[in-house]
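Biologist: Could we go through this model together? I would like to start with its surface.

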Amino acid sequence: SDISILSLQIRFILLQNRQGKTRLAKYYVPLEESEKHKVEYEVHRLVVNRDSKFTNFVEFRTHKVIYRRYAGLFFSLCVDITDNELAYLECIHLFVEILDHFFSNVCELDLVFNFHKVYLILDEFILAGELQETSKRAIIERMSELEKLE
Amino acid sequence: MSGMRGLSVFISDIRNCQNKEAERLRVDKELGNIRTCFKNDKGLTPYKKKKYVWKMLYIHMLGYDVDFGHMEAVSLISAPKYPEKQVGYIVTSCLLNENHDFLRLAINAVRNDIIGRNETYQCLALTLVGNIGGREFAESKNPDVVNADGWADRMAQLLDERDLGVLTSSMSLLVSLVSNDYEGYSSCLPKCVKILERLARNQDVPQEYTYYGIPSPWLQVKTMRALQYFPTIEDPSTRRSLFEVLQRILMGTDVVKNVNKNNASHAVLFEALSLVMHLNAEKEMMSQCVALLGKFISVPELELCVLFVVDHLLVGHNDAFPATLQENMTRMLMITDAQDIIKKHQPQIITSLKDPDISIRRRALDLLYGMCDVSNAKGIVEELLQYLSTAEFSMREELSLKAAILAEKFAPDLSWYVDVILQLIDNAGDFVSDDIWFRVVQFVTNNEDLQPYAASKVREYMDKIAIHETMVKVSAYILGEYGHLLARRPGCSARELFGILHEKLPTVSSPTIPLLLSTYAKLLMHAQPPDIELQKQIWNVFKKYESSIDVEIQQRAVEYFELSKKGAALMDVLAEMPKFPERQSSLIKKVEDVEDTADQSAIKLRPQQLPSNALVLADPQPVNGTPPPLKVPSISGIKVGISSNWLDHESASQTQSQPNGDLSKAQSQIPSADLLGEMVDSLAIEAPAVDMGSHQRVYREEDGIPDEVDGTAIVPIGDQANKVEPIGNITERFNALCLKDSGVLYEDPYIQIGVKAEWRGHHGRLVLFLGNKVTSPLTSVQALILPPAHLKLELSLVPDTIPPRAQVQCPLEVMNIRPSRDVAVLDFSYKFGTSMVSAKLRLPAVLNKFLQPLQLTSEEFFPQWRSLSGPPLKLQEVVRGVRPLSLPEMENLFNSFRVTICPGLDPNPNNLVASTTFYSENTRPMLCLARIETDPADRTQLRLTVASGDSTLTFELKEFIKEQLIAIPMGSRALVPAVPVPAAPLAQPPSPAVDANDPGAMLAGLL
């Protein structure tokens, strides 16, 4: 059997502000540049226009996007239609809590000026589209270890 | 951020840009700067390189194309120090993907980091490989990695890990592996259950792995997800413990104030619900689930989740079936219970169709589509029709397609189907694709009873002031063909029909005009007695269009005009269209085509799952930005197992009957059958309806050839013309049914025979579901049971005819008189058109169906075992040529045919001990015991001992077990005969298998 047919859960993660500026974009499926930009544009339009009373899940092409808004920032995950959306919704929240911990009281500017840190944290949290570590403590400790090396 | 001032300054600059234009200028300037620096990179310090590469990533993130500098990013990977290396890895994995050539440059550096001693570097390297590495990477790392075979043992070991972080990753791996193929991973099942127990009971879960008080909800969900990829859990004790945990989860979840806690616990709860449904739990637990679903559907934020779970449930039960067989009938067999449950919620789901949230509306639509069956089709289709007029445009096409398919599949009678389609065209003509009206024409053509009804119905619509062009088309076609059937009714004379149709002509577009001309020609022909006035009017129309600029219109006008002057010849040429060959609905095919793109491995267990490796990025209409209607997941439950190649025997036989030798001509025009297949498929049923005027066609008509699609001519003429091939492997279907109680016994292009069975003691009740898959009746249906001597079988009456698309249920009572391995045979035959189809099918009323699982303790087992001291009540045999199985696999096998393994009874871990109860009229309930001694050094042989209070039973059961061990359950019949042990000579009772007077046994032997 070919390893490439193994299933994959998260297709991409996007962090965008209300104006549609991308603050973080991580793709776990190979996409062309132009396609990535198109995806970012579409996902932004999809989530920014939704009534806040509506569910946090919205179908996107043949997948679904689970999103959550924190102040002016939208965190969006793209997963399979059959994936457990509540689990991913809380996965976003856990990521935000980790960021909040790391930057102590995180705001959009922290993420803008330290985007490279955000990528590092994300790599500790999600690997190859799969949740790899859910302990806030383990991730924060790991980050401070890595910072010592810089 | 220390020392990265340049980067911060750049980011601030960008933020201060007043508009997009200024931002672009700033970015271009920076890119120019970086490009220059990279070009003369002699003096470039690692620090500078790092800074520039970060800037590139930032620019990329802003949405600008960065088409250079990839090389520099990649080269940082081989930098000697951590800070540069880290940047190299992160930026590379964001800018490149597995398809980039640049990535090849990195393979060596990544490999060195992986095999090196520095753990931090190893992590970076592995993260890159995990995130963007493709096959090439994996191979360069370790050729073994690519081959996932034989991972089962290592996988099981990984699940012994105590650390919940490591377990989280291991569980992801397991989900990936079993989603591809669950076989071989059954040893992971009990471990998953243990992990779930540990979490659900909150035993030994460190604080940092609880989320709002809930032990890692993600690991719980993942574990239950992994379990759903196994079709079932055979081992009774594992199953029992799993149900205990699930029970705990179901009972222990409630709505609380904290939204995060709520979401997390509901994530776990809904996964548990899916799993319970998947495992087909006992009635009580199922109804508990339904109660929960009913409770949560009224909680707004949970509504969608409920709909998802219910939807899973609808498709989840088809797991054991190849996707193509998921025809409605099968679904009904498999999931009647689940259906009942869902139906209780139908009103809520219909309400959800009006929810302001489009996610919920779409889901509700999918769900209604999935839950539709004969009993509720009318209600659901009417709801959909009503909703159609208020639905947003982006959903209308999908809605009308779904309504049309449901109306077709579940029509209680065909006139209702015609009503629905006409209503659909009337309400939402713009969204009704041609396929839909082609299909209704096909039905009307093939069913004579329907023709006057359809004609009168479209005639009614013609009285409306404004009608959609599609309605004009379908009406013109039907009135042309069957309008004359109404001739005696008021307002329906040929002249009146012409008048009312011709009124519409100025309103239609030019592709519809040829169709109207054909209709006029037909009306003229049918006018009885000949109507000179009508002829004059129609000829005027033909003359008018003789000079039309549209070639198609011109040609038809000229030809019909000339033809109609020939009088009697017109009758032949314009004779009624022949019946359409039965073929798969192009609508359903359309839906299936969408699905065919889905990843096969995902379909196998979760028919709903989508292509799993990549997004399907077919981009629909970027202009208005609406996402395309999401068709794939919704339709999966409904599939028709008919070959898409409709060049079937029927058209072949028509070819044979064609008198003239058009064959060579067609062949020379059409290079290959495949191409033709495609072409014909795309024409679908439109061919006779719309294509009448093509030059070649008309002249062929003149020659008196029935108007068939040209391509039929190239179907080779031979014996295959009348042979109906079964779909799927009959032996495999039988073998599968020996181990479970419902499924498909036989299927061919016209009929599907399903079985559902219940067993109680030595009695059994089997229901045969005979389903006609096509739009013509199946006649001369005969079902004859050839019973073996040990079974009493009573089949209720089988009707002579199965109406189009109907399903007939025939109960069959079974009584077991004495132990025997012989098999009953169903001799089944029917007629389709002129061809006779017959099949001899083994019925799954086999020995193990009369066993009741029974687990004994050692106090119960051993006294019995000792009291049955030797032949003929206790028989022993060394069996060779056994299919090598691990002990757990062997346990599963025994449990699957209801010979229950009693764990821990035998002190030797290589041995298994099992017990069961056998029921027959002669023996009454009879305890049976078995012991299997395996040889760890050679898994292909073992010693089998079977004991019971009846010598025939002991012998038959021993032989039965042997058959299972040697050739199980799907494989070919086996090979190596067993060798009796000399020490225990057998007093074999005469084997009933050789009973020459038993037709069933003889046949079964032949099969």
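Modeller: Accessible areas come from the Shrake-Rupley method with a 1.4 Å probe, and for residues only the protein chains shown count as cover. The model is predicted: local features need pLDDT of at least 70, side-chain atom pairs count only at pLDDT 80 or more, and totals for chains, interfaces and linings use all residues. Side-chain values use heavy atoms, without hydrogens and water.

Biologist: What does the accessible surface of chain B come to?

Modeller: About 41100 Å², with 53% of that belonging to carbon and sulfur atoms. Of the 1007 residues in chain B, 57% are buried, where buried means under 20% relative accessible area, exposed over 50% and partly exposed in between.

Biologist: How many helices and strands are in chain B?

Modeller: Chain B has 44 helices and 17 strands; these are DSSP runs, with helices (H or I) of at least four residues and strands (E) of at least two, numbered from the N terminus.

Biologist: Where does B:Met71 lie?

Modeller: B:Met71 belongs to helix α4 (residues 70-77) of chain B. B:Met71 is partly exposed, at a relative accessible area of 44%.

Biologist: Turning to chain A, how do β1(A) and β2(A) pair?

Modeller: Strand β1 (residues 12-17) of chain A pairs with β2(A) in the antiparallel sense, over 5 bridges; pairing requires that DSSP finds at least two bridges between the strands. A:Gln16 has A:Thr22 in β2(A) as its bridge partner.

Biologist: Which residue of that hairpin takes a positive phi?

Modeller: A:Gly20, near 95°, in a hairpin with 4 residues between the strands.

Biologist: Why is β2(A) largely enclosed?

Modeller: Strand β2 (residues 22-27) of chain A is largely enclosed by the rest of the structure because 6 of its 6 residues are buried.

Methods:
Residues numbered from 1 in each chain as written. Chains lettered and ligands numbered in written order. Buried < 20%, exposed > 50% of the residue type's maximum accessible area, 1.4 Å probe, protein only.
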